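Student: I'm new to this one, and I'd like to know where each label comes from. Could you show it to me and take my questions one by one?

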There are 2 protein chains.
Amino acid sequence: MPRATKGRADPRPLARHRTDAPLRIALLGLGTVGGAVARELLERAGELARAADGRSLDLVAIGVRDLRRPRDIPLPAELTLTDRVADLVADPGVDVVVEVMGGLEPAADLIVGALSNGKAVVTANKALLAREGAELERVARHGDVPLRFEGAVAGGIPVLSPLARDLAANRWTSVEGIVNGTTNHILTAMTEDAGAYHEVLADAQARGYAESDPSGDVEGRDAADKLAVLVRLAFGAWPDVTAIRRFPPVLEGEAPPGITGVAPEAVGAARGLGLAIKLVARAELHDGVLDASVLPSAVPAGSPIGSTDGVRNIVSLHGEPVGRVDLAGPGAG
Amino acid sequence: MPRATKGRADPRPLARHRTDAPLRIALLGLGTVGGAVARELLERAGELARAADGRSLDLVAIGVRDLRRPRDIPLPAELTLTDRVADLVADPGVDVVVEVMGGLEPAADLIVGALSNGKAVVTANKALLAREGAELERVARHGDVPLRFEGAVAGGIPVLSPLARDLAANRWTSVEGIVNGTTNHILTAMTEDAGAYHEVLADAQARGYAESDPSGDVEGRDAADKLAVLVRLAFGAWPDVTAIRRFPPVLEGEAPPGITGVAPEAVGAARGLGLAIKLVARAELHDGVLDASVLPSAVPAGSPIGSTDGVRNIVSLHGEPVGRVDLAGPGAG
């Protein structure tokens, strides 16, 4: 891990020159997140334009994998809906590409294509960023186009601008927090209802709070991907995501990763001591060397992290001269 | 109160055109805050330049009331120290004026002078902003120069950029929080040590946490000034600061303002119910009409506001579609 002072996150407006021309947006992906983004862009166009300094945000095209799949969102007739997604990232009628399809490929190729064609790119693809973020940023720098990924971690919590602007005069020493809503919901339910991990997980799956294959969440991989993005934002360099520790240290044998080994007895015992068990993502710089982990941890129940319950997220930054700053809000999708 | 949609806070960089020329700063005031600002600018010049996109921040002059007063900060020989403060705001060798002298006059005249002379102004003067903020912003707009006041409220908490950028797509309905460290320290001590208000206040004065005339803090006027600034940042318009309620409603007679009437019995009773008494500054928009107050309030002890102890501050924003975002950190000076 090199000394992490390479650069700060890009705080520039998406449009290089402020004009009154509309910003033409192509959306890649129309799943849960994509559908919500499309709805906001279509239904709140006026408000969003005011938020974008008067420049209107026009959703002109949506790229999907399967055109025949039924969609419950009404799309205007003039909007292009296509499964030829690679054409969109080369289309001169598109200024900004918003990638919310997820997965490593074809997302990586499409983002590189869009950046190479001079388009600004916004992505919430934390798995891709955690693995290819440095390369994607290199392509963006080479083409002098913005690449933004604020929504990839703790979507409802402002992290990028505070670090790049309000708090830019600080030296950060650590960033920690709760960045996975599914596991925090499970741990909160285990604490409040004294349930066993597998019962609570089954209930969360039945209610749609956990996926049918929950391993990415419960084993801490999603949180590790998000921690990699946070490290980039706070310390200016991408860490090796595979080096982020997710296995609690044990005396002997092999410990289960993430929250999969958290016993209800441990949750109850912690509660009796005024502690709460949380899946804490944490990165610290010691003399320029990064130590990063995603581990179940007992923290004071009344602390900012300990009192963050349910699907809420929190990011806690420590630095000089400011001290500790806590940013909390709803998590990313 | 007009419908508060006039505009958002100014997120532009202090320098209109990014160049490599140093930004020449004049500091007005060399008290506690001014001394700390001068020290940071002088001792951390390199780091601050990196935070300012490579442009160096040169402290070239300091204006003070009394030149003979001894200063415990070593000033370089080439730095101008003067009591002819009005000359500084007209000096063509100054790009940015940082006003940290406090008080209404001559601060207001100096800021208007600096803005009229085309200089960017940074001020942390919440009392002045709460009364003359709209007029100062009018002068700044007229001269097309930036006026910044992020440090005036909850200095260590990022509020301006999150509202102007990361969270700009939201409609805010309320902003609330703890914005006065002195009263929060007193209430925290009354809770933890079960002390009476006047004992705890005397102790806080002895330790330097409260001023010899603490009325501005304990009667809620300082918090009301800061709430006025928060209302400007969140809702886009300045409220009438004199209309912010500071007197708790009582059945008959006159209630003491701020925390001056908080009895230790009330603190203890609240604690027994799992509540904490906090001086909560709160502003809500109902159909475009603002309701704003600074009142001692019993809130759940484990909530973000209830668990903010000592001199820490918290700002909690509520809006759609994001929901609640909590921003917590050290208060302003």
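Student: How many aromatic pairs does the structure hold over all chains?

Tutor: Over all chains there are 2 aromatic pairs. A pair here means rings of Phe, Tyr or Trp (its six-membered ring) with centres within 6.5 Å; planes under 30 degrees apart are stacked, over 60 edge-to-face, and the rest tilted. Before we go on: this is a predicted model, where local features need pLDDT of at least 70 and side-chain atom pairs count only at pLDDT 80 or more, while totals for chains, interfaces and linings use all residues. Residues are numbered from 1 along each chain as its sequence is written, chains are lettered from A and ligands numbered from 1 in the order in which they are written, and side-chain values use heavy atoms, with hydrogens and water left out.

Student: Why is the pair of Phe149(A) and Trp238(A) called tilted?

Tutor: The ring centres of Phe149(A) and Trp238(A) are 5.6 Å apart and the planes sit at 50 degrees, so the pair is tilted. In chain B, Phe149(B) and Trp238(B) also form a tilted pair, with 5.6 Å centre to centre and 50 degrees between the planes.

Student: What makes the pair in chain A a link between distant parts of the chain?

Tutor: Phe149(A) and Trp238(A) are 89 residues apart. Phe149(A) sits in the loop between β6 (147-148) and α6 (160-166), and Trp238(A) in the loop between α10 (221-235) and α11 (264-272). Helices (H or I, at least four residues) and strands (E, at least two) are DSSP runs, numbered from the N terminus.

Student: Let's look at the chain as a whole. What does the secondary structure of chain A come to?

Tutor: Chain A has 11 helices and 11 strands.

Student: And how do you know how compact chain A is?

Tutor: Its radius of gyration is 21 Å, close to the 20 Å that the globule rule gives for 333 residues, so chain A is as compact as a globular protein of that length. The radius is taken over C-alpha atoms, and the rule is 2.2 Å times the number of residues to the power 0.38. The C-alpha trace of chain A spans about 60 × 45 × 35 Å along its principal axes, and 52% of the 333 residues count as buried.

Student: What share of the contacts in chain A comes from residues 24 or more positions apart?

Tutor: They account for 68% of the contacts with a separation of 6 or more. A contact means heavy atoms within 4.5 Å.

Student: Why does Trp172(B) count as buried?

Tutor: Trp172(B) has 10% relative accessibility, and the limit is under 20%, so Trp172(B) counts as buried. This residue is in strand β7 (residues 171-178) of chain B. Leaving aside neighbours within four places in sequence, its contacts include Leu163(B), Phe235(B), His318(B) and Gly319(B). Trp172(B) and Gly319(B) are 147 residues apart in sequence, yet 4.0 Å apart in space, C-alpha to C-alpha.

Student: What makes His318(B) partly exposed?

Tutor: His318(B) has a relative accessible area of 22%, between the 20% and 50% limits, so the label is partly exposed. His318(B) belongs to strand β10 (residues 312-320) of chain B. Not counting residues up to four places away in sequence, His318(B) touches Trp172(B), Ser174(B) and Arg324(B), among others.

Student: Last one: which peptide bonds in chain A are cis?

Tutor: One is the bond from Glu105(A) to Pro106(A), with omega near 5 degrees. Another runs from Glu320(A) to Pro321(A), with omega near 0 degrees. Pro106(A) lies in the loop between β4 (96-99) and α4 (107-116), and Pro321(A) in the loop between β10 (312-320) and β11 (323-330).

Technical notes. Buried < 20%, exposed > 50% of the residue type's maximum accessible area, 1.4 Å probe, protein only.
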